[in-house]
Amino acid sequence: MTDLLATSPDTWRDRALDPPAVPPELLPPADATPWERNRALWERHDLRRQRAEAVYEASRNPERGWPVSGNRAVLTFFRDLLSTRKGMFTALVVVNALAAATGLVVPRLLGELVNTTVDGGGLPLDTLALAIIGVVVLQAAFTFVAQRTSTVFGQDLLSTAREYIVRTILRLPLGAVESASTGDLVTRVTRDVGTMSRSVQYGLPMAIISLLTVVLSIGAMLLNSVVLAVPALLTFATSAPAVRRYLRRAPKGYITEGATYSRINTTLTETVEGARTLEALGLPGERVRAGDDDIEVSAQAERYGMTLRNVLFAALNFAFQTPRVVTLLVGAYAYSRGWVDLGQITAAVLYVEALGDPLDRLIGEVDRLQVGAASTSRLLGIAEVRPDREAGDRLPDGVDLVGTDLRFAYREGHDVLHGVDLRLGVGERLAIVGPSGSGKSTLGRLLSGINRPRTGSASVGGVELVDLPLEVLRTEVALVTQEHHVFIGSVRDNIVLAREDSDDDAVREALRAVGSLLWVERLPQGLDTVIGSGRYALTPAQAQQVALARLIIADPHTLVLDEATSLIDPRTARTLEGSMNNLLEGRTVVAIAHRLHTAHDADRIAVVIDGRIVELGSHHELVELDGEYAALWRAWTS
Amino acid sequence: MQDFPPRIATFFTGTGDAPTPDPDTRSPAAFLRWMLRQQWQVIALSSLACLLWLMPLTFGPYIFGRAVDEGILGGSTPHLLTWSAVMLGVVVVGGVFGVVFHTLVVRTWLISLYGTTQMVTRKIAQMGHVLPRRSPTGEVLSVASSDSDEFGALTEVLARSAAQLVSYLTVAAIVLSMSWELGVLVLVAAPVLLGAALPLLRPLHRRQQTERSRNSELTSMATDIVAGLRILRGIGGEETFGRNYAAQSQAARRAGVSSGIWQAVVEAVGVLLSGVFLVSLVWLGTRQVVAGELTVGQLISFLGYGLFMVGPIRTFFELAQKSTRALVSARRAIAIFEQRPPWREPDRPVPLDGTAEIVDDLSGFTARPGLLTVVVSAVPEQSAALADRLGRYLPPDTDPVGEDEAEGLKGRAARRARADRERRRARIAARDEEAATREWGVRLGGVDLSAARLDDVRRTVLVSDTGSGLFAGTLQDAVDPHGRLTREQAEQALRVANAEDVYDALPQGWQGQLDERGRGLSGGQRQRVVLARALAVDAPVLVLVEPTSAVDAHTEARIAARVADLRRGRTTVVCTVSPLWLHHADRVALLRDGVVVAEGEHADLLERDAAYREVVVRALEDEGVPQ
């Protein structure tokens, strides 16, 4: 046997050479002149930008896990969402425009008021005051309607988007689900859906509203007085390059920040769940250090974002505040020339003050939308997993399961099965034993139609398992693993999985078969009791029974048990004996076993070593043969 | 002055230094005060910076009014230029301090956020296995991940409110100096507007809470679907659970719309009230201008201030909302931070001798020095309990008490529920303390474990229980978490645990990345890496609980032989019923009802003890496919 650790000297690392969590270049110099400090600050900023870009790139092209889609897919997705809501979208734009427009009338009226006060001309003061009150009431009413519309719109958009994502997840190809880690998916349905929610629910409507307000304000300013508006608007425009640079960089910065926080959380979760392990091994100090390292890294990401914002704020503060001075000076000059009256100047100043806010918000929302788009692209990436099978229209003729010349590789060029032939008799009990890594689980997966063999065929009734529609496959062969997940849902929902149209009688029958009917009927709402994480808690034995009842409903003629009982508490196993018996009754069973007694009781035993069946026969035949199995059996029973 | 990330030495230092400072956990308000006191300088400075940042808003309308009166209406260019220059000065100061304020606010926010997370990590380090006995995992995590953010938000809004208050009073003074009626109006307006809108906040808050809980239910449903995806795709049920999710998603949408509509009401009322205030200010102002008591410039100033008022009122609103949230968060934080380790270090600790005999009084179990003893029990919990005692661990027999259970309750019912939870937590703590401070009942070389320092116990007796898990990192980090093994030692540990295939499966070998909790490895692989790690520690006394329950017979046989060989000469206890281990045991102890009822060699016991035979053979039968 080759030494699996042959490359150990090449891959072992000297811990003393581990780089610190944060490279020293990212720490400010201890003693330096202000000039040097300033230069060092910008060098650090640049370094942090590179780090953020690296994190962003890595998040776009994950090494492991599920794919990430491109920007085009995100745009198409949102365009489709909007195009099916044209009416709603128009209403959103119209009412928000009305709210913004009424808001903009107020400064104009106030200017009018000043004019009246100064020269006594124009509308009488009381009329103007009443008009302003009227406009304010109208503005309040429009604000309410506009906000209400955007809430309804945003929530509708959001619920449609998230339901689409979950439907996509529920359609993921079986082979991919069985082999990929679910961790990445969990992150996507929690963190990425959260980020997407914020941008869909608030970001999109808010961006639209802010944009409307800005456009209308500019219009109102120009209407009020072109002379006063143009210099102010030009000053506003000076911030454009800074804003552009910020919008280009900020999303990467925020995505990096988000990644550091999820890292902090992951580490902390492990720390809490592994508290005892840490204590036993004397590792709390190491763990505290690991947590602090995560925070150091996160702090660097935060500093990048902070500097980005500071640069932006510096530009915005200048661009948004100096128009006050500009308007004052231009206004005074224009007034002296008789181009404008005092009311126009007043209105112009009020507009200038009021415009900063929506502009600020618009920048913030565009920012948020970009972060949301990055999350959305990760969510839509799930949809890009290609289906691993296309159902043919042939249905199996008979129930005999046959595997011929089965080969399979998880990594190209690394076959874990080397041409296995196996024919199962109807109603037979076959046990597969062998050391870990020998390929017995893979064999089980090919025999249950989870993966398509690289060569050869696994068929039932003359039809390839992977060519069967999933609904048919599930009622032919089922793979039973150590997992017995209880879903959040009613008892009924938890059981009817394979045949979702089963009636209550069928469910009760299945529960009776696994010996659970009694305790289920004693539940507060019987079959309708909601169970699962955070709800009515089942004991491990009850959870296991629910898992078995699912299989009774599925009613496949062949079961592949992959270490199905190895993680069960022995006491639970005893109460389950009867349930299990009822399930296996009359079915063909392939049991991938850890324990030799499973093998002892089977009709035939296949010993799998290094991807090949090396021994096949009944217990007695194999003991007689005096090979691998016989040696093991002696060790077990001596 | 503090910077982020803060240096925290609370609860745990990892060195000989005493942890300090301890947070004030007497009440939520006291905790918040303590936290704010920790960084009062930064908060005070950021408040000052905020004040300067607000200068254009505070003085802008006044300056503009003077410029109109003296420069434009008065027609004096020098005055106009002077006031413009003053305005420019104010704007520049505001701009510069806007950046300073932002920098300081990020600092206070992150000091609170990171500091809280660091305190949580240190609390876990300090409490070890005792913390999960008392507090649900989710709650410990939420203190770090969401409550910490509330504390950060509080520091920010506090600094801003203080500055806004000063700025508001300044504006009131300015207006008062021009017209006492208008000044009084400004002074009265803020409390009145605030008072008028506050009643709206309560129903809004309630709806937001419903929305949050609907959303978190939705998230847990999505997580649940992903966690059970193999079953959903393997056995079926996509339709049902897709439908359930959609139904919950619609419920969340309705809750969101309902709270959004209230938000709209609050916004609209805000617009209305500040509009009404503006109009009254203007109307009064124009009267006074007409009466010749005010100048036009002053009227224009008032218009500016009418718009200005929105700022402080919003900020005070935020302060009210965020301090309520911070108090709720503080209560959750206290539930974690107030806990104390139950252990008392002995006054004169006795050093332990790992090469001596270890005896458990309760079960009558003895592990002879240097031998491999297997503990056999028909009830696995009983051998696990023995292992816990040998290692001085409190038994996992408590229901952790959370803080979140009573959400939705109000007023007196909520207070009652809270008091009840506090009582339950105190009860567990008292019981822990009682068990931890009396004589432990396990003696190593005649020394009761309670007479030795706890870290001496941990160093001498290593218990690897079934809950032992892996941490994310490289394979090298997993096998050698302390970083003190040589490569040869690590290789040996991997070989003895027969986990070379894990190394082989990772293209980068020792530097191959394991996911968190070793997810991505099979159950058997995980178990073998955990075993390798335990063996590599080379503890004088090693206690393994079901070390190979997820491993196949071939491999188990190999591991049992290799472990017996490796540990020869050092005390080893294995709790299992597998014959493959019993085969290599120097001695076997049979437990019944937690007490040793038979002891001896495996072959002997098998022959002469019917009870023993029954347990071992029974174990064989349990595993099978029943016929």
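Mentor: Of the 638 residues of chain A, 47% count as buried, a residue being buried if 20 or more other C-beta atoms, placed from the backbone, lie within 10 Å of its own, exposed if 12 or fewer, and partly exposed in between. This is a predicted model, in which local features need pLDDT of at least 70 and side-chain atom pairs count only at pLDDT 80 or more, while totals for chains, interfaces and linings use all residues. Residues are numbered from 1 along each chain as its sequence is written, and chains are lettered from A and ligands numbered from 1 in the order in which they are written.

Trainee: Why is chain A called more spread out than a compact globule?

Mentor: Its secondary structure comes to 22 helices and 12 strands. The radius of gyration of chain A is 35 Å, well over the 26 Å that the globule rule gives for 638 residues, so chain A is more spread out than a compact globule; the radius is taken over C-alpha atoms, and the rule is 2.2 Å times the number of residues to the power 0.38. Along its principal axes, the C-alpha trace of chain A spans about 120 × 65 × 45 Å.

Note on methods. Helix = DSSP H or I, 4+ residues; strand = E, 2+ residues; numbered from the N terminus.
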